[in-house]
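Thanks for coming, everyone. Please bring up the structure, and I will walk you through it.

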Amino acid sequence: MSASRPSAALLAATLAVTFLPATAGAETPVERGDYLVNSILACGNCHTPMGPDGPQAGMTLAGGTRFEAPPFTVHASNITPDTATGIGAWSDADLKTAIVGGVRPDGVPLAPIMPYAFYRVMTPADLEGLVAYLRTVAPVAHAVPPPEYRQIIRAEPPPGFEQPATAADLSTPEGRGKYLVGIGHCMECHTSRGPHSEPAFATGFGAGGMEFPGPWGVSVAANITASKAKGLGDWTDAEIARAITEGVGRDGARLKPPMGYGFYAKLKPGDVADIIAYLRTVPAVE
Ligand code: HEC
Ligand code: HEC
């Protein structure tokens, strides 16, 4: 019987099986951008207009949602590749400057409702993927009303999130989780606010309290620090994962918008685990 001797063909097949997954699994920049935009970045949570049943069909990233946030009245921009009403005519450099620098090609600073300060931590590779992916989105002709600025306010990133993350930063679960919480701008909503409604990163990082009125009534951002009494300190990993990816609270009740649960549902389980590992390290604020 020759069955115990692997044939050359069988060996070749084994080698192919061994080596193929590595190539097949490597994400292209567009695939990486697609994953990020539609999960942790949740750009569409602001840039896709919402109807009663969620994101409006055929309007993905076409803008229009109005933000009344004194001293600004702005509308989320059309960031589809439409040349006349979207970002079709912008260069890659223009897009990167707007996304992580908060400045338009004409030099006009964006209102900080666009969370550009939180994107400063983004790695060059992820920024590249994000821009490459935006180019692939279906162009939608949709003009958005011009912004009204009664004052210029520049947003700053939270301490520890000022520079693009390095390979060393991303070498531990907590480090990768910190990165995802950074680009996910979780702490924009979850940090308590100071007297001028600026985020109080020094005293209220992750402590919650910000109110979000909407068709759902008013939701209040939760304390997501490691506090056992007020935060997530006593929650299990499974409970935290369920809150983030399914929008279900610890008591089983449905959590309210505007947190982008539907986007976070698409996070890879490993990324959710890293986010939880990082949240466990956020100093307790009572
Ligand atoms: C919290 C809501 C919010 C999120 C999340 C958000 N944006 Fe924005 N974005 C805005 C608003 C509002 C404006 C318009 C601000 C203004 O007019 O000053 C804007 C403006 C922009 C602009 C400038 C376009 C133009 O024509 O002026 C770009 C580019 C952009 N966003 C890209 C993105 C990308 C990419 C993401 C995801 C990584 C994202 N935004 C996430 C709210 C948001
Ligand atoms: C646009 C604002 C916003 C963003 C961005 C946001 N959240 Fe939330 N989050 C909220 C609000 C508001 C609630 C409370 C909802 C409710 O009580 O119905 C909440 C609830 C939660 C809860 C449940 C806590 C509890 O006590 O019920 C967790 C956990 C959480 N957020 C984590 C995160 C993480 C991690 C991110 C980033 C990946 C994030 N959030 C991004 C607004 C936001």
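**A first tour of the chain**

The protein chain has 286 residues, and 40% of them count as buried. Buried means under 20% relative accessible area, exposed means over 50%, and partly exposed lies in between, with a 1.4 Å probe and protein chains only. This is a predicted model, where local features need pLDDT of at least 70, side-chain atom pairs count only at pLDDT 80 or more, and totals for chains, interfaces and linings use all residues. Residues are numbered from 1 along each chain as its sequence is written, chains are lettered from A and ligands numbered from 1 in the order in which they are written, and side-chain values use heavy atoms, with hydrogens and water left out.

Now the overall picture. The chain holds eleven helices and seven strands. These are DSSP runs, numbered from the N terminus: helices are H or I with at least four residues, strands are E with at least two. Along its principal axes, the C-alpha trace spans about 85 × 50 × 40 Å. The accessible surface is about 14900 Å², and carbon and sulfur atoms own 63% of that. Those areas come from the Shrake-Rupley method with a 1.4 Å probe; for residues, only the protein chains shown count as cover.

What about contacts along the sequence? Take those between residues at least 6 apart: 59% of them join residues at least 24 apart. A contact means heavy atoms within 4.5 Å.

Next, the sheet. Three strands form an open sheet, ordered β3-β4-β5, with antiparallel pairing. Strands β3 (66-69) and β5 (148-149) stand at the edges with a single partner each, so one side of each has no neighbour in the sheet. Two strands pair if DSSP finds at least two bridges between them. Between β3 and β4 (residues 72-75) there are four bridges, in the antiparallel sense. Arg66 faces His75 in β4.

The peptide bond joining Pro70 and Pro71 is cis, with omega about 5°. There is another cis bond, from Pro257 to Pro258, with omega near 10°. Pro258 is in the loop between α9 and α10 (261-264).

On to charges. The chain carries 21 positive and 27 negative side chains, and the centres of the two sets are 3 Å apart. Lys and Arg count as positive, Asp and Glu as negative; His and the chain ends are not counted. The place of a charge is NZ of Lys, CZ of Arg, CG of Asp or CD of Glu.

How many salt bridges are there? The count is eleven. The rule is a side-chain nitrogen of Lys or Arg within 4 Å of a carboxyl oxygen of Asp or Glu. Arg66 is in one of them, with Glu68; the closest N and O atoms are 2.9 Å apart. Arg66 is exposed, at 51% relative accessible area. Glu148 bridges to Arg150 at 3.3 Å, N to O. Glu148 is partly exposed, at 44%.

Then there is Asp237 with Arg280, at 2.6 Å, N to O. Asp237 lies in helix α9 (residues 237-246) and Arg280 in the segment after α11 (269-279), so this pair ties together parts that are 43 residues apart in sequence. Asp237 is partly exposed at 45%, and Arg280 is partly exposed at 34%.

Now go inside, to helix α6 (residues 173-183). Its buried residues include Tyr179, Leu180, Val181 and Ile183. The buried residues of α6 pack against α2 (29-38), α5 (124-134), α7 (186-190) and α11.

Ile183 leads us to Leu41. Leaving aside neighbours within four places in sequence, Leu41 is in contact with Leu36, Tyr119, Met122, Leu130 and Ile183. Leu41 is found in the loop between α2 and α3 (44-47). Is Leu41 buried or exposed? Buried, at 1% relative accessibility.

Last stop: backbone angles. Most residues other than glycine have a negative phi. His185 is not a glycine, yet its phi is positive, about 40°. His185 sits in the loop between α6 and α7 and is buried at 15%. Ser197 also has a positive phi, near 55°. Ser197 lies in the loop between α7 and α8 (201-204), and is partly exposed at 47%.

That is the tour.
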